Amino acid sequence: MTAYRALVPFSGGIDSTAALYRTLNAHRDASFLVFRVQLVNGASGSRAVMEDRAVNGILDSLRAMGLRHFTYRRLAYDYSQLGAPPIWDSEAVNFAAATCLRAHPEITEFIEGAIADDYLQPGFDDRLAQIAKILYLVSERTPETLTIHYPLRAESKAEVMRSIPRELLAQTWSCRFPIEGPAWDLKRCRRCHACVLVDRVLEAHPDEFADLGWT
Ligand SMILES: [Zn+2]
């Protein structure tokens, strides 16, 4: 069985794509377990479709770039019947990740894609502490046996967007509540927190990211 160095949660969004790409690029001699937890809850069905499309496209591009030292696993939970999600998505993701860690005692690192802009949200530090607690409790690990890395924590959204190849960036999907566009396509809502952060970057650097066609 392959011995993995780190568990890398991957949603197909900008931040987790950057965390994954940069981790793979920096450690070409190790193997990584890339882990997607698809949550279907509340009104997130169309988001799940767009995230899956992003994930599959980005992983194919990484392989084409020669970054093949990872295994991809996907788990899906549908709790849409509960109505409004009873817990934060990040809590559900870390619970599932911790369960995965129990099956992989050789893994000593966990990659968390939080960026500097996230820390500006009220209560973000508390939420991050809470999901770290879930990860340690459920996996029965300690900070001595599992290190959580935050490779993007000092970077703004614009810096994170610049740090990855444009081919990858163009395939990411970050919108939480996609809306229906023409021809059955789904578009960014431009209202959710993720869209607002991206739109701020697009407004501040209109020429730099124009080719993405996200405006
Ligand atoms: Zn949105």
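The model is a predicted one, so I use local features only at pLDDT of at least 70 and side-chain atom pairs only at pLDDT 80 or more, while totals for chains, interfaces and linings use all residues. My residue numbers run from 1 along each chain as its sequence is written.

**Entry 1**

I looked up V8, leaving aside its neighbours within four places in sequence, and found contacts with A19, L20, T23, F32, L33, V34, F35 and I111. I count a residue as buried if 20 or more other C-beta atoms lie within 10 Å of its own, as exposed if 12 or fewer do, and as partly exposed in between; the C-beta atoms are placed from the backbone. In soluble globular proteins, nonpolar side chains tend to be buried together.

**Entry 2: the chain as a whole**

I listed helices (DSSP H or I, at least four residues) and strands (E, at least two), numbered from the N terminus. The chain has seven of each, in the order β-α-β-α-β-α-β-α-β-α-α-β-β-α. The radius of gyration, taken over C-alpha atoms, is compared with a globule rule of 2.2 Å times the number of residues to the power 0.38. For 215 residues a compact globule would have a value near 17 Å, and the chain agrees because its own value is 17 Å. The C-alpha trace spans about 45 × 40 × 35 Å along its principal axes. I find 34% of the 215 residues buried. Of the contacts with a separation of 6 or more, 79% are between residues 24 or more positions apart.

**Entry 3: β1 and β2**

Is β1 covered on one face or on both? Both faces are covered, with A6 and V8 buried on one side and L7 and P9 on the other. In β2 (residues 32-40), eight of the nine residues are buried.

I set the expected helix span at 1.5 Å times one less than the number of residues. The 15 residues of α3 reach 22 Å between first and last C-alpha, close to the expected 21 Å. Its buried residues are V93, N94, A96, A97, A98 and L101, and they pack against β1, β2, β3 (70-78) and α4.

Which residues of α4 are buried? They are I131, I134, L135 and S139. These cover an arc of only 100° around the axis, which puts them on the same side of α4; the arc is that of the directions from the helix axis to the C-beta atoms. Their cover includes α3 (89-103) and β4 (109-111). On the face turned away I noted the exposed residues D125, D126, A129, K133 and L137. E140 follows α4 with a positive phi, near 55°.

**Entry 4: L82**

L82 lies in the loop between β3 and α3. I count L82 as exposed because it has 11 C-beta neighbours inside 10 Å. Its C-alpha atom is separated by 32 Å from that of A116, 34 residues apart along the chain.

Technical notes
Contact = placed C-beta atoms within 7 Å.
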